[in-house]
Amino acid sequence: MKLTKIFALTAALLGTVTLSAQHKSTVTINGAQANGTIIPKEIYGQFSEHLGSCIYGGLWVGKDSEIPNEDGYRLDVLNALKNLQVPVMRWPGGCFADDYHWRDGIGPQSERPYISNNNWGGTLEDNSFGTHEFLNLCEKLGCEPYISGNVGSGTVEELSKWVEYMTSDAHSTMADLRRKNGREEPWKVKYLGIGNECWGCGGQMRPEHYVDVYRQFAGYCRNYGENRLYKIASGPSDYDYNWSETLIKGIGSNMDGMSLHYYSVRDWNKSKGSATVFGEEDYYLTLAKALDIETPIKAHIAILDRYNPEGNVDLLVDEWGTWWDVEPGTNPGHLFQQSTMRDAIVASLSLDIFHKYTRRVKMANIAQVVNVLQAMVLTKGDQMILTPTYHVFEMYKVHQDAEFLPVSYNTDANAVGVGESVPCLSVTASRKDGVVNVDFTNTDLKNSNEITLTWTNLGIDPKNANVEARILTADKVTDYNEFGKPAKVAPKEFKKIKTSKDGITFTLPAMSIVAVSIK
Ligand code: AHR
């Protein structure tokens, strides 16, 4: 990538500029370099918290609602999520998790206690969505549940009994209570988080203290029957390498995974900026921040490699995404934001990075699934819209459990300010069932890129290849989908691809994501 470096240097000298030449990139895939690495489907995980209208009004409206629903789950959202093939869903938080007492959310809904959701705007939480409602939702979606346990304000006994309630097939008070509440068979629950952000809202702990807390809580979370827990420690935020080092030294492989939280926020002490009103520089700075997730991913992996050479402790990016100021007029504690073409590009760049590190990165959960932060769908009353980010997840779902294909390519870079640049092109590829899927993201707002894709050793003769493609783009980077209006950002068929004896060529329009499938 020498070219990238040259452009970055020029950019640094010139200050904030954007290059205006049309780009030209050659992308090469050599199938012989593929080594069977599978992109775990869990990279496409979701996160659902009792926060704003993620659960109430978003996923759940209750059986008596006039909004069309199936057993209380709103049908439009359910169907949209089924189409995404959600592999895993994290719940009930977030910060809410360390305030959540699971016994409040079982039994007849009318008898459940109500509380104030003190993390998120003091909203009434009537506990009508609890353990049964969440685990049954996962069954409907065909996804793995990821339970985030309360360590900050809960007890060891409470978490231990929650696991027993959900997963035991024995004759015991907890399992019988579950049966009395209408569920005979235990659920399968694999992923169990031992606290959330224990350095912050989950207990304000020092890492040394959390190590001991983790060991104590995890020790009482048992495997019942066939169920096997995969225990996840509350890992670092961003670049906190001391937290991850202390955890891996003190917990070692007593944890199956360690979480990492990373939001594309440049400065937590300043306004996060509008989701929909922003300029070019803001756009590129956001992409630079999103791309910089690679820095902590690499560094935390290096720490894991040092203390866990066996490689059996994974890194799970279980919160990531954009975080903007809330939509004007909405509750500041509800984190309801719109999603533009900028968010779509953040999503594709982030997924491209996760694909490269699946040796350790085995799961990622975008924050959050409905109505909160970089959501897949937004709802208002009985209306629902699919966000540009939804479309990226939908276009990329072909990569779930597919074989990763290393790709090499040259790219120019757009300068974004002092010392920062954003590569114009990002490419990711995988293969499954004889189909090769390649995604191209052009981050440049103004210039297209003349793409030549060639490949060898893929068992597909370019001359006879069957090539199909879709494109996600917009007239303006600030475009988003609005309630009651035709969608401005939605994928369309992309027919402008030429095949040759070596591969394919096409013009990748400015600010676009093109998903190509070759067989
Ligand atoms: O996703 C919103 C919040 O961000 C979560 O509750 C918390 O874990 C993180 O700080």
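So, let's start with G94, which sits in the loop between strand 5 and strand 6. Before I go on, keep in mind that this is a predicted model.

Which other peptide bond here is cis? The one from W91 to P92, with omega near 5 degrees. P92 also lies between strand 5, which covers 88-91, and strand 6, which covers 115-117.

Okay, moving on to backbone phi. L373 isn't a glycine, yet its phi is positive, near 50 degrees. You'll find L373 in the loop that links strand 13 (361-367) with strand 14 (377-380). Is L373 buried or exposed? Buried, because its relative accessibility is 2%, and the cut-off for buried is under 20%.

Then there's N457, another residue to look at for phi. N457 is not a glycine either, and its phi is positive at about 55 degrees. Where does N457 sit? In the loop between strand 22, residues 449-456, and strand 23, residues 467-472. With 53% relative accessibility, N457 counts as exposed, since exposed means over 50%.

To recap the phi part: L373 is a buried loop residue with positive phi, whereas N457 is an exposed loop residue with positive phi.

Methods:
Residues numbered from 1 in each chain as written. Predicted model: local features only at pLDDT ≥ 70, side-chain atom pairs only at ≥ 80, totals over all residues. Heavy atoms only, no water. Helix = DSSP H or I, 4+ residues; strand = E, 2+ residues; numbered from the N terminus. Buried < 20%, exposed > 50% of the residue type's maximum accessible area, 1.4 Å probe, protein only.
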